[in-house]
Amino acid sequence: MDFDVVTAGAGFSGLYLIYRLRRLGFSVRVFDEALDVGGTWYWNRYPGARCDIPTTDYSYSFDPELEKEWTWSEKYATQPEILAYLGHVADKYDLRRDIQFGTKIESAAWDEEMRGWRLRTSAGDEVTCRFYVAATGCLSLPKKPDIEGVDRFGGEVYFTGRWPHEKVDFTGKRVAVIGTGSSGIQCIPLIAREAAQLTVFQRTPNFSCPAWNGPEDPERVARFAADRDAYRQAARWSRGGVPIEPTDVIGTAAPEEVRRRRFEEAWQKGELFAILNVFADQLVNPASNELVSEMIREKIRSIVHDPETAEALCPKDHPFGTKRPCLDTDYFATFNLPHVRLVDLRKTPIKTITETGIDTAAETFEFDAIVYATGFDAMTGPLVSVDIKGRDGITLKDKWAEGPATYLGLTTTGFPNFFMVTGPESPSVFSNMVVSIEQHVDWICDALDDMRRDGYDTIEPTPLAEEGWHRHNADCANITLHPLANSWYMGANVPGKPRVLYPYIGGVDRYRAACDEARARGYLGFKLTGPGGERCNDGVIRRLQPDVSLVLEAMEAMNLPALETLSPAEARAFMDQSAAIRPPGPAVGSEEDGLVPLDVPLEYRLYRPESPGPHPLVVYFHGGGWVLGSHVSDEPFCRDLCTRSDAAVLSVNYRHAPEWRFPAAAEDAVAAVRWAADNAVELGTVPGEVAVAGWSAGGNLAAVAAQRAGVPLRGQLLLCPVVDCDFSRPSYEENAEGYVLTRALMEWFWDHYCDPPSRTDPLASPLRAASLEGLPPAVVVTAEFDPLRDEGDAYAAALAAAGVPVTHLRARGHTHTSLTMVDVVISSAPVRAEMASALRSLFPSLAPAAAA
Ligand code: NAP
């Protein structure tokens, strides 16, 4: 083969690849259509083009000598300065000799026999290589403007993404700019300085904050100079590739003066990651997001004099941060200039471009020049624009017809020895690109080096690993507000492009950890082949829901005591403390307290929905291993269940162990359900529409009550129930530790509740009932990372086998406790929605609405 590695693209990625590969002794050739190095900084030469990550951070970290000899002149360097930096890097390491400029790779085909790639270039050459690396960037393929008449205009036409090398002079000209993304927002103020008239055609207003450009932030420079290594390490292990302390201030919970202070500080800082870090929950909680959004709108209104123009510039159709926010210099103030005008395309859309200008639905405009700042076919565009054929002739374009699927954003099945630098499903555009580029190049080079050492010459991800990573990406995306926006992040700017969140939103730090882990675990999820044989350590790298892992990590960091090491009194006090700081759950129509009149009366709280009653009734039993909790200890979950199901929820307390051992709690549950069924009318609920529900030990009591109460019940909702005393099922082994409910804690609960000989009594282990026939329809929810998973599964199966209608929901990536963490674990909300909808369908008075 001609080369070990061929790479497309001579920007930040391609240059660093040459540097690393050469040092490892691999032969490499880079092709780039451009006539020199620079990548995005070669093409985007429009006035005002500069980076919007502080330049100290937006630079290579691989060589301390390079870091020391280069000094940036500004906080945000201009395009010429960044291009000069990349030129300097190319010179310093003599990189150009491995680059063929003015040449594009037009096609790439995997040759199974050769175990390598055959590439065809725009120069007509065929080049062969073992590994093909696409370092083509995320925003390198300009989108052809989807506007009628775009080729008709007779005046000057410019595209921000393909700007001429010579200076464009707009002096005295009538200029149109179409597009108000980062490129438009950067060039508009500068074009306005020259043009006689500037008309900005805006379809969607964008959030933008002042960059306050100037000398580099002295604090950052000092921190960097004091310990470069530590600074770079902090960046590599940060959320976005810039070292910044993530806040824990919750927007909706913070007092007004804290909100204002945090926002003002971020606004004055003029940094993207500061304004994205005003509140911890601003990208996941619409209410918190709206607080930040509105404070930005207030700023826009305070800058722009004409109220109508100001309002048109205020973004209202997407949450802040879900379209790429911009940093600007005098963008909004530019609209106060008398020769600058904003045309709101939402009100008067462009009809066509004409020979002399632009016709909108309301007006005819004449121009000397039109500037298109209309964006890119991002992320996948540059990859699929090359005809890449993998094994069996499948093209990447066809494989990704429904959206990209990758393993770690680096590789994709069916395309052996093909790597992407900052590909889709990697943090890429959500991060400081240079940090992500270095991480990817390092990972790829380390992999090549490892393979050579171990005698492998091909690497390809497995379908299982790819599916798992793809799902993890979707899981991460779905807990954010991103899916709400028509952004290029979601592919929405290109007609017909699949709508998914293209970059990985889980964070640079977590992403790096996943990549490192895959390598450390013997290339988990990859198949390696070669003269050294074959190795495939198949598996999925991230299986927990992302917010569940966050909660688990936070709990681990708190070093909480293991409950089973405490006395019941201490454990109860601890649970009360935890309950006091959790979110309260949604507001319900009303709540009232009362007593179930038994020999030992049982306290209850009745939650009623907001809708007019009477409602069906759900008698609910709380979790806590028969030892902990009370009728109010699952309050957020009860409120959530009440709101979602539109049923009244009667949360009844029961006698707890060890003061009251088995069968006290079970007897209470049975008696409470009988009482509730007999008193449905007095409780203001629909007679004959009673169901039982419970979580964990409460699920045990609900299942027992469904078997023993002897009153007609519409259903039973069992959430991660304890249904058996057998600890030998695999889920006890797999999830013995690390997921909050441990095997040791279950032992502690059982020991307090019930003597070993009685545990097999169906009143304690309802799975052991002689018959389950004739029981009410069941909704059984089991969680993947729960010691009780398998017994819950077994109960669902046994009920179904006995002819009971069962809806079995398997909560993927969840733990025993995550499904009830209302407003903490966002990914649990869809499971609760499904659960509530299944419950509703069991009540005749609600079923039609559920169906609707
Ligand atoms: P962009 O963010 O996609 O913005 C394109 C603009 O053109 C949008 O306002 C879009 O409106 C508008 N547009 C597209 N098609 C249109 C049509 N047919 N009619 C009317 N308007 C149309 O593209 P960009 O500004 O080039 O920026 C792309 C990305 O590059 C940025 O988000 C950023 O990541 C990166 N970038 C970074 C910098 C930097 O400072 N470092 C500078 C420039 C770019 P809609 O929103 O309605 O689609």
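Here are a few friendly notes on backbone geometry in this predicted model.

1. Let's start with the peptide bonds. Going from Ala657 to Pro658, the bond is cis, and its omega lies near 0°. Pro658 sits in the loop that runs between β25 (648-652) and α21 (664-678).

2. A further cis bond is worth a look while you have that region on screen. The link from Phe662 to Pro663 is cis, with omega near 5°. Pro663 is placed in the loop between β25 and α21, and Pro658 also belongs to the loop between these elements.

3. Next, the phi angles. Trp626 is not a glycine, yet its phi is positive, at about 65°. You will find Trp626 in the loop between β24 (615-621) and α20 (635-645).

4. Is Trp626 buried or exposed? Trp626 has a relative accessible area of 0%, so it counts as buried, the cut-off for that label being under 20%.

5. What is the relative accessible area of Asp823? The value is 54%. Asp823 is therefore classed as exposed, since that label applies over 50%.

Notes:
Residues numbered from 1 in each chain as written. Predicted model: local features only at pLDDT ≥ 70, side-chain atom pairs only at ≥ 80, totals over all residues. Heavy atoms only, no water. Helix = DSSP H or I, 4+ residues; strand = E, 2+ residues; numbered from the N terminus. Buried < 20%, exposed > 50% of the residue type's maximum accessible area, 1.4 Å probe, protein only.
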